[in-house]
Amino acid sequence: MVLELHVWGPAFGLPSIDAECIATIAYFHRIIPYSQWILVADHDAPLTPKYEFPVLIDGIVRVSGFHDIVSYLRNHRSGAYDLDYNLTHQQQTDRTAFISFLQSTASPLVDLSLYISSENYTSTTSSAYTAILPWYTNYTIPPARRDLARARTAHLGLSSLDVNTAGQDGPEVSSPSSGFEAAKRSAGLPSGGRLDMGRGKGIRGLLSSPIYAARFRLDSLTNELLEPLSDLLGKKDYLLQGDKPSSLDCLAFGYLALMFYPPVPQAWLKDAIQARYPRIVRYIWRMREELLGGEDVKASGVWSLSSYRKAAEIEEVLHNLGMCLPWRPCPSRSLLLIAVGVTRKITSNIPLLSRLLHSSRIVYPSPSGTKKGPSALPSPLIVNSFSAISAAIFTTFAAIAIHHRRSPREGDLIFWALRPSTGFGGYGEAGNILSILAGQFPRGATRY
Amino acid sequence: MPPENIERDEDPQNDNRHQPSRSLFTVPAPIERLFDRFPLLTYPANDLPLRAPRNRNEHVLYVFITLDGASAGAPSYNPGCLKWQTYLKFCNVNFRVVSSNNHASPSGALPFLLPLSSDTSKTAQAIPSSKLQKWTMSNSTTAVEEPSDLRYEAYLSLLDHRIRRAWLYTLYLSPNFTSIVEPLYILPASVNSIVRLTIAHQLRTAAENELLKFSAVVTPDTLYKEAEEAFAALEILLEHNTWFFGAEKPGLFDASVFAYTHLVMDENLGNGWIDTRLHDAVLQSKNLVSHRNRILTTYFPSA
């Protein structure tokens with residue numbers, strides 16, 4: 001059975017635009033023979049079990065994410081496709097720790113460089129997406145991934161890189177001189193432009209201006225990742241063992257490649273690597289040679305495969321283009337599926353509707369097997385019935401108000417009740433007595 | 001009143017009565033007699049409010065803790081707070097814990113430390129948890145530098161990400177929510193059921209959002225497996241050493257590990273565990289269990 005790997009499409013000359021996808025491709029290319037796997041540049045993430053790529057399809061089994069795919073290959077297929085089989089116990093533990101370290105420190109850096117920095121995003125990342133996605137998904141997928149990147153990096157306080165939102169954050173530095181600047185601007189005087197930013201504020205003012213403040217923070221974040229990695233690499237060729245790459249090398253290459261190769265205008269990440277970590281630069285070059293055959297993957301080449309159907313034709317095209325990865329065209333989906341997918345994405349962006357239509361993305365274990373403790377809070381039944389009753393009351397009032405608005409009465413509103421015309425006739429025996437009593441009153445009294 | 005007016009008023013007075021000794025500020029005789037009838041009584045100063053800080057001769061650490069626990073010096077029930085509480089104890093800092101909540105913190109998150117200030121007129125600046133290590137380094141004589149192992153950061157990320165995510169899930173999204181979070185975080189906060197429901201909802205959504213940042217779909221199986229791997233890795237890292245990275249004395253890393261292992265192993269946390277998967281995972285790591293017991297008996301003898 002041929003293993004089928006679905007990933008985000010190629011970009012920046014790398015086989016994918018996503019770090020974990022690059023890592024998985026590198027892993028497959030390294031250990032699985034060419035004829036035993038195929039690679040598909042896909043874009044329909046909701047079809048996958050975890051809404052994300054890379055996805056490995058092996059028969060009916062679907063596994064997603066670099067970590068899960070690697071452990072699936074380790075436990076199935078009788079361990080033939082395990083890059084880490086000759087690591088010592090200690091090295092395997094280190095691998096687990098460093099994989100978690102990479103995922104937690106390197107992914108925010110890639111997010112900041114490719115998605116948050118608005119200059120890089122508009123000039124590089126979004127155009128790279130345009131090359132690998134069908135036109136209709138360009139309106140949904142890149143912004144969604146950018147929002148996710150924003151959420152992941154919000155705690156770093158570096159939103160000033162993001163010019164689109166920086167304006168909403170208000171004045172970034174509140175120094176006495178910024179008050180002067182504001183007064184100057186409101187008086188219509190020209191305040192210093194981009195070039196003499198910081199003039200008159202002294203060196204401290206200059207350094208605390210947002211670009212430089214962000215730059216200091218970025219440098220410290222970069223060092224947090226690269227220093228331990230550079231120390232771990234030491235004089236060796238690979239991170240863990242001296243002579244063979246491991247799954248950690250694949251993942252490290254995935255992240256480092258996305259920091260190093262994209263031609264972004266704000267290349268602080270690449271500058272930092274080149275200036276201070278020459279060992280890491282050599283490592284990236286070497287890994288690209290060894291893990292991916294040093295090939296420059298072009299999105300147009302992969303895209304052009306979709307016009308061929310037969311495996312032999314595709315092989316020939318791949319050979320002619322000099323591509324060494326087993327690319328296959330993305331299976332064409334019916335118009336209906338596409339329409340459903342697009343509607344899904346549109347509704348997921350509408351605030352209230354998305355709550356009603358889309359189920360929670362948290363998978364809970366089946367409630368039958370779990371016991372529940374007694375809760376001191378009001379039960380959901382009470383809460384729901386309370387909110388249902390209040391909603392019903394609110395709707396009734398709203399309906400009455402609308403009805404009254406649409407058909408207003410002529411003249412004054414008069415409240416009236418039926419009053420018996422002939423005395424107290426309606427009361428039977430008592431009425432007779434009452435009418436006698438009533439007769440004793442002056443006539444005007446009952447009329448009010 | 002403008003000065004000219006005073007002079008104009010004063011001049012006729014002096015002229016009429018011919019009493020140059022009386023000045024403007026002398027109390028008139030009738031009023032003086034009236035006031036002499038009342039004895040001058042000075043009331044004693046009011047007592048300080050009950051909640052005012054009493055002993056200012058100690059540093060005060062504000063953490064999530066029950067009132068009984070605060071007086072007994074028990075460990076906090078929040079991993080973030082317990083980490084710093086343990087670390088300060090490691091460094092022999094004399095401090096007192098006070099039960100508090102996030103709304104009381106200047107940074108919006110617990111713990112924070114109010115250092116003892118020699119000058120009572122000036123209020124000391126509160127120290128948030130991010131600066132607590134630096135503060136301890138400069139204020140404690142026995143504080144030790146963290147070991148400079150190149151794997152330090154990597155293993156720390158196991159705690160701060162994998163184990164923390166599993167902790168968030170097991171505490172806030174699994175059935176443990178009713179048995180642990182409710183008695184510890186929600187019920188003490190308010191007696192109003194609407195407020196309680198709101199807090200419960202906020203806590204759960206915050207945990208959900210935090211987890212959804214890292215994967216589009218949250219499956220408990222993945223989270224628990226990752227945490228189990230992380231505990232196994234820490235187990236191997238510790239091996240037969242007394243403290244992590246073979247250090248002489250416990251440091252911040254030991255405190256961070258203890259913060260999670262102690263709470264996960266604690267049978268009596270809240271009303272006890274219902275979903276015990278994480279609990280069982282830690283109990284299998286013998287080295288971590290003895291590491292936790294060592295810290296508990298040495299530094300929290302009362303608990």
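This is a predicted model: local features need pLDDT of at least 70, side-chain atom pairs count only at pLDDT 80 or more; totals for chains, interfaces and linings use all residues.

Visitor: OK, and where does B:Phe245 lie?
Guide: B:Phe245 is in the loop between H9 and H10 of chain B. Its phi is positive, about 60°, although B:Phe245 is not a glycine.

Visitor: What about B:Glu239, what's its phi near?
Guide: Phi of B:Glu239 is near 45°, again a positive value in a residue other than glycine. B:Glu239 is found in the loop between helix H9 (220-238) and helix H10 (252-265) of chain B.

Visitor: And how does B:Glu239 count, buried or partly exposed?
Guide: B:Glu239 counts as partly exposed, because its relative accessibility is 45%.

Visitor: New topic: in what order do the four strands of the chain B sheet come?
Guide: The order is S2-S1-S3-S4, in an open sheet with mixed pairing. Strand S2 (95-99) and strand S4 (127-128) are the edge strands, each pairing on one side only.

Visitor: In which sense do S1 and S3 of chain B pair?
Guide: Antiparallel, over three bridges. In that chain, B:Tyr62 stands opposite B:Phe112 in S3(B).

Visitor: Which helix lies across S1, S2 and S3 of chain B?
Guide: That's helix H4 (residues 79-90) of chain B, running at about 165° to S2(B).

Visitor: Last one: which residues does a cis peptide bond join in chain B?
Guide: B:Leu110 and B:Pro111, with omega about -5°. B:Pro111 is in the loop between S2 and S3 of chain B.

How values were computed
Residues are numbered from 1 along each chain as its sequence is written. Chains are lettered from A and ligands numbered from 1 in the order in which they are written. Side-chain values use heavy atoms; hydrogens and water are left out. Two strands pair if DSSP finds at least two bridges between them. Helices (H or I, at least four residues) and strands (E, at least two) are DSSP runs, numbered from the N terminus. Contact means heavy atoms within 4.5 Å. Axes are lines fitted to C-alpha atoms, for helices over the stretch in contact, and angles run from 0 to 180 degrees between N-to-C directions. Buried means under 20% relative accessible area, exposed over 50%, partly exposed in between (1.4 Å probe, protein chains only).
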